[in-house]
Amino acid sequence: MTERIGILTSGGDCPGLNAVIRAVVKAGQYSGFETIGFKGGYEGLLSPCQTIELDYNRMDGMLVRGGTILGAANSGPFAAKTGYGEVRQVDRELLEMAAANYHALGLRALIAVGGDGSLTIAQQLSQFGVNIVGVPKTIDNDLEATDQTFGFDTAVDCATDALDRLHTTAESHGRVIVLEVMGRHAGWIALHSGIAGGGDVILIPEIPFAWDSVCGRVMDRERRGKKFTLIVAAEGAMPRGGEQSTHAFEEGREIRLGGIGEVVAREVAKRTGKDTRTVVLGHLQRGGAPTVSDRLLCTRYGEAAVRLVRAGAYGQMVSLRGTEIVNVPIARAIGRMRRVDSDGELVLSAKALGIGFGD
Ligand code: F6P
C-alpha cells in the first residue's frame, strides 16, 4: 500500500508556501508517498479533519503562486505565541485530538511549514507521537537555526522596489519619505532593502534611534544639496528610551507592531520643517509570486523535507547553512531569534556608505 505524508502551512502566509507544497508532492511521488494537505494550519487536524488530496497533477502553476492553497492561521486555538512573543502551551485536549486524527489517517509523517511559533506547536505535537519534519518560513528571516527562511528574499525585493519608486518622487518634490516595512522584532527586511534601495536612514529594532541623529542626517543632506531623504523604518524600530509602536492589543494573539513610520514622519517634519510623507508597505511584502531565489530555496527545502521523512529523521527541521541544505533538531531551533548585529559587517558597511541608523 502507498504510504502517505501530511503537510500543513501555519502562521502568517509568505511567498513560496505553494512552491514548498509542490516540491513535497513531487518529491513525495518519486519516493512512493501520496501527500495530503491539512487546511487552515493545525486547525485542519481537528475533528472533523479538513484535508485535500494533493496529487501531482494539481501542482501546475504552484511554483509561482502566492499565498497557500491550504490556508494558514496565526491566531486561534493553535496560536503558540501571545503578547510580545510569550510562548503558550496549546491545550492538551487539542493536541491529543490532532495527534489521534493524524494516527487515524495512517500518516507516516507530518511536514509542518512555519515560523518559530508554528514550529513550537510542531514540537508540542511531537510529544504525542506525531512524526514531524519542519520547514522554516517567515518573511522576517528571524530564525537562528537557518541562514535564511523562505519568503524573506521576496519581501526584500518588494521593499526595494518600493524604495526605487519612492526615490524618484521624493527627489522630484524634495521631500522626506518614510517607508515602514515588516520584520517584527528583527530589522532584516529594513536593513537589506535599505541598502539595496539606496535608503539614507535605516531604523531597526536592534538600534534604538535618537531624534537628533535622524534629523541631523536629513539636514546634513540638505546642506549638501540633497533636498530629499529616504528613511526605511522597520515596524519594530523605536526611539531611544521609547517604546515600539503597536496596534490595539487583541486577546490571545501576538501584538501587532506598526505605526512607527508615521511617528517618524511627524517628528522629522516638526524638527526640520521638511515636507514629509509616510508609506506603510504592509502585506504587499507577503503577497504575490516568490522571487527566483525563494523558488529555488522552497524547492530545495521541500525536497529535503521528503528526504528526511524517507530517512525517518523526525523532529528535524530543514535549514540552509552557507550554501548547503542541512537539518537541525526542531527542539533546538525554536525560541532562538536571529537579530541584526549592530556591530556586524552589514551595518558597518552601510555606515561606511553614509547610511544613518539614528545612533
Ligand atoms: O511574521 C510575519 C509578519 O508579516 C510580521 O512581519 C508582521 O509583524 C506580522 O507577520 C503581521 O501579521 P498579521 O498577519 O497578523 O498582519
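This is a predicted model: local features need pLDDT of at least 70, side-chain atom pairs count only at pLDDT 80 or more; totals for chains, interfaces and linings use all residues.
Local features need pLDDT of at least 70, and side-chain atom pairs count only at pLDDT 80 or more, while totals for chains, interfaces and linings use all residues. Residues are numbered from 1 along each chain as its sequence is written, and side-chain values use heavy atoms, with hydrogens and water left out.

**The domains.** Select residues 3-150 + 290-333 for domain 1, then 155-287 for domain 2; these bounds come from an automatic or database domain assignment. Their C-alpha centres are 33 Å apart.

**The interface.** Next, display the contacts (heavy atoms within 4.5 Å): 17 residues of domain 1 touch 19 residues of domain 2. The buried area (accessible area, 1.4 Å probe, lost by two parts on being put together, summed over both) is about 1500 Å². On the side of domain 1, select Tyr84, Ile139 and Asp140, which lose the most area to domain 2.

Then select Asp13 and Arg286, whose side chains form a salt bridge at 2.9 Å, N to O. The term requires a side-chain nitrogen of Lys or Arg within 4 Å of a carboxyl oxygen of Asp or Glu.

**The ligand.** Finally, select the residues around the ligand (a heavy atom within 4 Å), among them Asn74, Ile139, Asp140, Glu235, His283 and Arg286. Which distances separate polar side-chain atoms from ligand oxygen atoms at Glu235 and His283? For Glu235 the distance is 2.5 Å, and for His283 it is 2.8 Å.

Definitions and conventions. A polar contact is a pair of N or O atoms within 3.5 Å; within protein, one must be able to donate a hydrogen and the other to accept it, and residues adjacent in sequence count only if both atoms are side-chain atoms.
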